[in-house]
Amino acid sequence: MHKTLKILCIGLGLASMTSCHNTTYKETQDPAEQEISRKVDSVLSLMTLQEKIGQTVLYSSIEDVTGPTLDTNYMNYLKNGEIGAIFNATGSSFTRELQKIAVEETRLGIPLLFGYDVIHGYKTIFPIPLGESASWDMDLMEKSARVAAEEATAAGLHWTFAPMVDISRDARWGRVAEGGGEDTYLGSLIAKARVKGFQGEDLSDINTLLACAKHYAAYGAAQAGRDYHTVDMSELSLREYYLPPFQAAVDADVATVMTAFNELNGVPATGNSYLLKDVLRDQMGFNGFVVTDYTSINEMVPHGYARDLQHAGEMAMNAGVDMDLQGGVYKDYLKKSLDEKNVDMERLDQAVRNILRLKFKLGLFEDPYRYSNEELETEVVLSEENLAFAREVAQKSMVLLKNDKQTLPLKDNQKIALIGPLAADEFHIIGNWSGRGDRDGTAVSIKEGFEAQNKTFTYVKGSEITGDDRSGFQSAVNLAKQSDVAVLVVGESERMSGEAASRTNIRIPEIQRELIKAVKATGTPLVLVLYNGRPLNLVEENEMADAMLEAWFPGTSGGHAVTDVLYGRYNPAGKLTLTFPRNVGQVPIHYNMKNTGRPQDLEGAHPRYVSRYIDVENAPLFPFGYGLSYTSFNYSQPQLSSTTLRDGEKLTIITEVTNTGDYDGEEVVQLYIKDRFGSVTRPVKELKAFQKISLKKGETQKVSFEISVDDLKFYNRDLEFVNEAGQYDLFVAGSSDHAFTNSFELKMRDTQNNL
Ligand code: BGC
């Protein structure tokens, strides 16, 4: 009999049901779940110690390299049943080949789980997640994750290491490119949308991609923005700002969670039982399995938290880490740890159960090859439909940062000088962590976008992304002189953001800044199109350019989308989800800061002795929530249903938004509040709600928000999530940079907390 089938029959009732039920996943009354638990237990009862340990081991194939170590022996481990999952192995034929070894050559034939970093697309690449988040469009983000999942699962994959839900306020940290920005409320909605998108409706569907909320926890707060660095923060900040997106992912039934590389308040996240057991399992209710980040068990040794690898493995396992990604520590040391009674069998069994349960849910025990489907792969991957959707997502991700004298949209009768190292680029355009996206010409460059739409233009490269070769400057300048508008496509290389790409200088590389200056000197109107994976210091560019369009790394259909936006075929509506500072010295900077006792705008403040810099203003260059349109919007003063909000009631806030410009357009209408004082200090403002609306020119729409007391809760000094009575201010606007216009009072039945 086929081994997998053998296990299934046993699972249906033949094996002993007496194994221990002290599981980490929630006991449930759901008959389907109970059935899976029975199957899991029966498989477990057949397993040797080595086979159990094998399920907790995840290795990379040599097809791809996403970390510092590769163990080329993984094939031997696989044949010995010492591996339960493989990552960086893609494509239906390769995954089928590996699965065959697991199913046919190992004693029990337990199917493998195939993981991969499907971060913003598998082969059809969408804009980087930070870019996508600027759309503020949850349906769009859910759908792009769904499309990514459909392509990836058709290519044999079961599991993505995404979404990254780390809140970050630090433009130096390269991984801001992979997240949803600085705001917890928005980040939580995005986390939920992406988990739902990847996982789909039902885990047993063949296009379900298990999601992985990462990196747990507080990875985005690395000191000085240096990747992998120490995190030290109050429990209050952790709970208020960094954990909610993980909770949102758990609420959306995320299947897996990845531990972070960093330590948190002295304890590495991978050995942190408080984070993994108390918070993730007990408080958040996480029900899936926990995987480490790349070799992060091993890294507890250089962290200075573990004596040696065996000790590190014991701390990870005992803290609740179920699977070891690439470290080989569980594989090499767990048996010894069990023999020495430093880890008990029950804990290992829990880890194995957590993993097997998902393999059952995906239907892999019924058909281990169900995802490896060549025909489907050819049909789905890079389909016309997916490419068209990637174009739409890229359009909606772009943020118009500046547009003086209506320089944009470009007119069809204008002669355009298309200049810059990224203008004809098909390599960097798909950004970092771009799955199996091709860097050899599949992506549409901006130059190709212009060609496809028959625009009148001439292209000159001008310079490389970095270096000091100025030999192309003169032809760029000559071209600009003969043209009506110069469009320069400049920015970072794809390697300048993402993992291990922290920067202390967040400017456009020097050679490109010189190119911009040279073109500017011609006097020809100047449009900058920017590719970057983080906020940049654009102070000088903002002075020079007539218009600036933030295109992020726009993905496979990026060149079409940029052309659409530059020529007004799509009116940009993106809003920043991460503050753009004036310089790196302002970092970390975010819109929802605290006030200090000496704010600059305090009435009667002494001009010197206030909280400020002496060399640059406090305000960023472009704030959170900011983004222009080719049209303009007018907001009426909000009308409140009441000036008080009581427990059990709702406050309705209505604003009229009018499109007062010459184009139809979309606007992200944002509601911010400020809690004037509390038992712990409150941010100067907080995003509480938003709506993305579409308005024809001249049209007015009423936008209505509802706030309940629950929306105003926060963590008090005893770490209780509470309401406190008091006065609140609010405004509704198209950016976080706006004055408060209204206020209301929150009245609670029990005002004790206010003391
Ligand atoms: C990254 C993770 C990624 C993993 C596997 C690590 O270096 O931090 O985000 O999922 O590699 O590729």
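A contact here means that heavy atoms lie within 4.5 Å of each other. By that criterion, among contacts in the protein chain between residues at least 6 apart in sequence, 79% join residues at least 24 apart. The model is predicted, so to speak of its local features requires pLDDT of at least 70, side-chain atom pairs count only at pLDDT 80 or more, and totals for chains, interfaces and linings use all residues. Residues are numbered from 1 along each chain as its sequence is written, and side-chain values use heavy atoms, with hydrogens and water left out.

**Overall form**

The protein chain contains 21 helices and 27 strands; these are DSSP runs numbered from the N terminus, helices being H or I with at least four residues and strands E with at least two. Because a compact globule of 755 residues would have a radius of gyration near 27 Å, the 27 Å of the protein chain agrees with that expectation. This radius is taken over C-alpha atoms, and the globule rule is 2.2 Å times the number of residues to the power 0.38. Along the principal axes, the C-alpha atoms fill a box of roughly 80 × 65 × 45 Å. Of the 755 residues, 64% count as buried, that is, under 20% relative accessible area (1.4 Å probe, protein chains only).

**Nonpolar cores**

A nonpolar core is a set of buried Ala, Val, Leu, Ile, Met, Phe, Trp, Tyr and Cys residues joined through side-chain atoms within 4.5 Å. The largest has 187 residues, and Trp 159, Tyr 216 and Leu 401 are among those with the most contacts inside it. Helix 14 (residues 345-361) supplies the largest share of this core, seven residues. Not counting residues up to four places away in sequence, Leu 401 touches residues including Leu 530, Met 548, Phe 580 and Tyr 626.

**Helix 9**

Leu 238, Arg 239, Glu 240, Tyr 241 and Tyr 242 are buried in helix 9 (residues 235-242). Their cover includes helix 8 (184-199), helix 11 (273-283) and strand 22 (686-695).

**Ligand site**

The ligand is surrounded by 13 residues (a heavy atom within 4 Å), and Thr 66, Asp 117 and Asp 293 are among the closest. The table lists polar contacts, which are pairs of N or O atoms within 3.5 Å.

| Residue (side-chain N or O atom) | Distance to a ligand oxygen atom |
|---|---|
| Arg 175 | 2.7 Å |
| His 215 | 2.7 Å |
| Glu 499 | 2.8 Å |

Taken alone, the ligand exposes 310 Å², and the protein buries 100% of that; accessible areas come from the Shrake-Rupley method with a 1.4 Å probe.

Key:
Buried means under 20% relative accessible area, exposed over 50%, partly exposed in between (1.4 Å probe, protein chains only). A polar contact is a pair of N or O atoms within 3.5 Å; within protein, one must be able to donate a hydrogen and the other to accept it, and residues adjacent in sequence count only if both atoms are side-chain atoms.
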